[in-house]
Amino acid sequence: MSDSRKRTGADGEKRAAQYLKNCGFSIIARNWRIKSGEIDIIAHRNDTLVFFEVKTLPHGNADTLAHVLDARKQKRIVEISKRFIAINRQYSKSYIRYDVIVVDMPGMPEIYHIEDAFSELL
């Protein structure tokens, strides 16, 4: 991945994290990583633990989003989230949700939050 793409992604994740804080979420982790991959942002609000995939797509569209967040990527996020919960048992009784935050996609709000973007039942 090029340095400019990394910077664009990191900037998008930073902006997404600030957006979530402004919405009342407590950020638990950013870029939580295990061998099989990472989750961009993990946050908690009320009794809900949310795993966020952040996509910064300044040149993208809905087709681009569907391509970069395909079923394989969703399955990997779910598997990583299960590992997070296994390690962090204090969240095991939380309601779990998988959201997507799209940053800077043309034709969309600057930060577009898709709640319940996908589920474990793929």
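Predicted model: local features only at pLDDT ≥ 70, side-chain atom pairs only at ≥ 80, totals over all residues.
Me: How many aromatic pairs does a search of the whole structure find?
Reply: The search finds six aromatic pairs.

Me: Why is the pair of Phe25 and Phe52 called edge-to-face?
Reply: The ring centres of Phe25 and Phe52 are 5.5 Å apart, and rings pair if their centres lie within 6.5 Å; their planes stand at 85 degrees, and planes over 60 degrees apart count as edge-to-face, so the pair of Phe25 and Phe52 is edge-to-face. This pair links distant parts of the chain, with Phe25 in the loop between helix H1 and strand E1 and Phe52 in strand E3, 27 residues apart.

Me: What makes the pair of Phe51 and Phe84 edge-to-face?
Reply: The planes of Phe51 and Phe84 are at 80 degrees, with the ring centres 5.9 Å apart, and because the edge-to-face class takes planes over 60 degrees apart, the pair is edge-to-face. Phe51 lies in strand E3 and Phe84 in helix H3, 33 residues apart.

Me: How do you know that Phe51 is buried?
Reply: Phe51 has a relative accessible area of 1%, and buried means under 20%, so Phe51 is buried. Phe84, with a relative accessible area of 2%, is buried as well.

Me: Which residues have the most contacts inside the largest nonpolar core?
Reply: They are Ile42, Leu49, Phe51 and Phe84, in a core of 20 residues, and the largest share of this core, five residues, comes from H3. A second, separate core of eleven residues includes Ala16, Ala17, Leu20 and Val54.

Note on methods. Residues numbered from 1 in each chain as written. Heavy atoms only, no water. Phe/Tyr/Trp six-rings, centres within 6.5 Å; stacked < 30°, edge-to-face > 60°. Helix = DSSP H or I, 4+ residues; strand = E, 2+ residues; numbered from the N terminus. Buried < 20%, exposed > 50% of the residue type's maximum accessible area, 1.4 Å probe, protein only. Core = buried A, V, L, I, M, F, W, Y, C linked by side-chain atoms within 4.5 Å.
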